[in-house]
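Please read them with the sequence and the structure side by side.

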Amino acid sequence: MTKSTDFFAKPFDEKTLVKLTIFSSYIKAWIPTFIKSNFSDIYIYDFFSGVGKDAKGTFGSPLRILQAVSEQEKNIIMAGCRLHIHFNDKFPEIFSQLKENCELELEKFSPRLRSMVSVTYSNYDFEELYPKVSHKLQNQQFKPSLFLVDPFGTFAVKRFLDQTLTLKYNDFLIFMPTSHIKRFYERPDFRENLDLPPLSFDNFETYQVHQAVVEQLAGYYQEKDEEFSLIPFTIQKNSNYYGIIFGAKHLRAFDKFLDIAWQLDPEEGNANYSISIERQRSKPIQGDLFTPPMPSKKEAFEVLLTKKVMQRKIRNNFQAFEFCIRQGHPPSHAREVLVKLKKTNKIHFVGRSPKILYIYYKNRNTTNSEKIEFIVL
Ligand SMILES: C[S@@+](CC[C@H](N)C(=O)[O-])C[C@H]1O[C@@H](n2cnc3c(N)ncnc32)[C@H](O)[C@@H]1O
């Protein structure tokens, strides 16, 4: 039995299910966004597809993609948007099952929906396929694409990010065992294989490694393109840490991903376990009654946003939306802060809602713009 056949011969484990929840939530948010934005063609690539389901029949990424497409039937037909889906898996025995499982799912599509969806299957090595895909998409700059990159282990992240950076409307989700990176980083063959920019792990505990890797990668790429950003979500299983790296260039995409991440982790928005408990475990607070506990991520954001508003550095809902997303918080957090500032008579704005949502931000330069000014009292 190969590693791949073994993986699908068992029920998916807990970390895989968390990963799949994030994948499918994002796919479900991504498809309608682009269909409703009048794009004629949209592309989804699942580069490491697997067979489609586990031993219990729980759907993996390919069947979840098809399910998400089916749920959008009405919108797809109404918009006349064509979906191009590419499933890939290097191993022939996996590839043939993948094709069979996907074709069975596609048979459930109505003929009208089926005519809008083209599905390609391939069994290339990712390293061979990816340059061809990115080259094709570079020549189709107005065609949005979503990539799922879900290998068993690590892969040449830098090579992937260097090429992806050139794409205009692309979002991607990578899943990787990040704790391996810290463990093997000192080995030159490992580093060379992964093709990583220089990283530092000094001062990071293992539970922080995914976040540290992603933040350092994000810093490296933002120097090349400040629109491009990466968001981490860490998944713990026993003593191992895995992680999702979400990447995109658009505030709308970050808004959607942050919403999903904070729903899964209402405390910090970035892990399937309590980072604050891990923090205490690694550096226990000494029994000192006078040391205040560390503020939560949300409390720290409240302090920061309040300061910016009171100093008149953030003066309206558009600036507040952008600040909130760039700080890694969903707009609801900024709304709560601004409503509180109004209730406590620190600021005034017209109406009950500070209107911090992507939809208002999107229309900021149009005649329908709904700008809300914050007046410091
Ligand atoms: C973690 S599994 C993917 C799981 C799948 N995304 C799901 O949700 O069910 C990784 C898959 O990648 C395939 N694979 C491994 N190395 C590959 C490579 N270099 N190129 C493409 N596929 C590869 C394996 O056969 C395996 O099915």
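1. Helix 11 (residues 209-222) lies across strand 6 and strand 7 (240-248), and runs at about 165° to strand 6. Helix 12 (residues 251-264) also packs on the sheet, where it touches strand 5, strand 6 and strand 7, and its direction makes about 20° with that of strand 6. Contact here is taken between two residues whose C-beta atoms, placed from the backbone, lie within 7 Å. Axes are lines fitted to C-alpha atoms, for helices over the stretch in contact, with angles running from 0 to 180 degrees between N-to-C directions.

2. A word on the basis of these points: this is a predicted model, in which local features need pLDDT of at least 70 and side-chain atom pairs count only at pLDDT 80 or more, while totals for chains, interfaces and linings use all residues. Residues are numbered from 1 along each chain as its sequence is written. Helices (H or I, at least four residues) and strands (E, at least two) are DSSP runs, numbered from the N terminus.

3. The sheet is open and has seven strands in the order 3-2-1-4-5-7-6, with mixed pairing, two strands being paired if DSSP finds at least two bridges between them. Its edges are strand 3 (117-122) and strand 6 (229-237), each of which pairs on one side only. On average, and with direction ignored, neighbouring strands of this sheet are turned by 10° against each other.

4. Strand 4 (residues 145-149) pairs with strand 5 (residues 170-176) in the parallel sense over five bridges, and valine 149 stands opposite isoleucine 174 in strand 5. Strand 5 is mostly covered, with seven of its seven residues buried (20 or more other C-beta atoms within 10 Å of the residue's own; exposed means 12 or fewer, partly exposed in between, with C-beta atoms placed from the backbone).

5. Helix 7 (residues 126-138) and helix 8 (residues 157-164) pack at an angle of about 10°, with their axes 10 Å apart. The contact is made by Tyr130, Pro131 and Ser134 of helix 7 and by Phe160, Gln163 and Thr164 of helix 8.

6. Two residues other than glycine deserve a check of their backbone, as each has a positive phi: about 60° for asparagine 345 and near 55° for lysine 355. Asparagine 345 is in the loop between helix 16 (331-343) and strand 8, and is exposed, with 8 other C-beta atoms within 10 Å. Lysine 355 lies in the loop between strand 8 and helix 17, and with 22 C-beta neighbours inside 10 Å it counts as buried.

7. Valine 350 lies in the loop between strand 8 (347-348) and helix 17 (358-362), and counts as exposed with 11 C-beta neighbours inside 10 Å. Valine 350 and asparagine 38 are 312 residues apart in sequence and 33 Å apart in space, C-alpha to C-alpha.
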